[in-house]
Amino acid sequence: MKAIVYSQNGLPISNENSLYDTDVSTPQPGPRDLLVKINAIAVNPVDTKVRNGAPTETPRILGWDAVGVVEAVGAEVSLFKVGDAVFYAGDISRPGSYAEYGLVDERIAGHKPRSLSDADAAALPLTSLTAWEMLFDRLEVKKDEQAALLIVGAGGGVGSILTQLARKLTNLTVIGTASRPETQSWVKDLGAHHVINHHQPLAEQLAAIGQPSVRYVASLTHTDTYFPQLVEVLAPQGKLALIDDPATLDAMPLKRKAISLHWELMFTRSLFQTADMQRQHEILQQVSELVDNHTLKTTAGEHLGTINAANLRQAHALIESGRARGKIVLSGF
């Protein structure tokens with residue numbers, strides 16, 4: 001089967017060997033696996049981070065968002081059947097979705113939203129799981145709770161779906177940050193009550209909209225840069241959740257306000273085969289239903305064409321520029 005791989009980490013994305021086309025054997029499903037013929041994928045910051053930072057002894061297939069059709073199932077599969085259209089974000093310890101076929105454990109896959117194209121559906125799994133887990137599993141927001149949530153980096157992939165989930169499924173006052181006019185407009189259209197600029201002092205802008213402190217912060221980017229400001233604007237006994245990779249993070253400033261710190265990593269359940277691993281299937285099923293009843297919409301931002309090395313290098317370059325809005329998708333081989 002066709003696949004796009006890297007063999008040497010850390011090469012600049014302008015180098016044709018940073019991602020290249022090749023052929024590999026089609027994988028065979030294990031007991032709880034689905035073998036999926038992949039029709040569309042999305043590209044995430046984690047793809048670029050692994051390509052840059054993870055050495056590999058053999059060519060490695062990246063990619064953790066996919067939409068496709070089930071071609072075969074393992075002996076113990078019970079949630080899906082051959083011919084089902086599925087979407088999933090996969091398992092970071094297994095080969096990814098930059099390939100014609102992929103394997104995914106049924107417990108972390110969902111039925112694709114019927115109302116979306118394959119490309120638009122591919123934008124959703126990883127970010128939906130991350131946002132849902134952050135909001136409801138880590139921050140433990142109650143759906144009828146009256147409080148404020150600050151989303152730092154609301155225009156990115158996770159921020160785009162987190163803004164929708166918080167606005168549509170909770171009573172929170174949703175405040176997103178974005179710096180460029182087009183991204184600010186995007187975040188507002190997704191449902192944020194307020195949009196402020198993370199390149200300007202946060203406390204002053206929050207005070208100006210009548211929200212001098214917030215109970216919840218979802219920090220999605222540059223947490224180490226914004227950390228002192230986030231501690232300042234968090235209310236006593238507030239909660240801070242993050243997904244990025246700060247070089248250092250001194251938690252001591254949180255003590256005086258008894259602020260709790262929460263890490264969200266969507267891959268934890270599959271990496272450790274946790275007892276509640278199937279919750280990701282349940283979340284994706286709910287997301288699919290919410291899309292089909294028009295509560296949520298796709299966060300696809302740009303379609304870069306067919307799935308090949310040249311287009312994927314372009315996608316990685318766009319993500320590394322920090323100027324991507326929503327999700328970058330590709331479809332077909």
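**Note on selected residues and surface patches**

1. Threonine 223 counts as buried, because its relative accessibility is 0%, and the cut-off for that class is under 20% relative accessible area. In this predicted model, threonine 223 is placed in helix α7, which covers residues 223-233. The side chain of threonine 223 is also joined to that of serine 219 by a polar contact of 2.7 Å, a computed distance that a reader may wish to view together with the buried state of threonine 223.

2. Isoleucine 175 belongs to strand β10, made of residues 173-177, and with a relative accessibility of 0% isoleucine 175 likewise counts as buried. Between the C-alpha atoms of isoleucine 175 and leucine 318 the separation is 26 Å, while along the chain these two residues are 143 residues apart.

3. Leucine 271 is classed as partly exposed because its relative accessibility is 38%, a value to be read against the limits of 20% for buried and 50% for exposed.

4. A positive surface patch is also present, and its members are Arg167, Lys168, Lys188 and Lys297. Among them, lysine 168 has its place in helix α4, which spans residues 157-169.

Notes: Residues numbered from 1 in each chain as written. Predicted model: local features only at pLDDT ≥ 70, side-chain atom pairs only at ≥ 80, totals over all residues. Heavy atoms only, no water. Buried < 20%, exposed > 50% of the residue type's maximum accessible area, 1.4 Å probe, protein only. Patch = residues over 30% accessible without salt bridge, like charges linked within 9 Å, V, L, I, M, F, W, Y side chains within 5 Å. Areas by Shrake-Rupley, 256 points an atom, 1.4 Å probe, with all protein chains shown as cover. Salt bridge = Lys/Arg side-chain N within 4 Å of Asp/Glu carboxyl O. Lys, Arg positive; Asp, Glu negative; His and termini not counted. Charge placed at Lys NZ, Arg CZ, Asp CG, Glu CD. Helix = DSSP H or I, 4+ residues; strand = E, 2+ residues; numbered from the N terminus. Polar contact = N/O pair within 3.5 Å; in protein donor to acceptor, adjacent residues only side chain to side chain.
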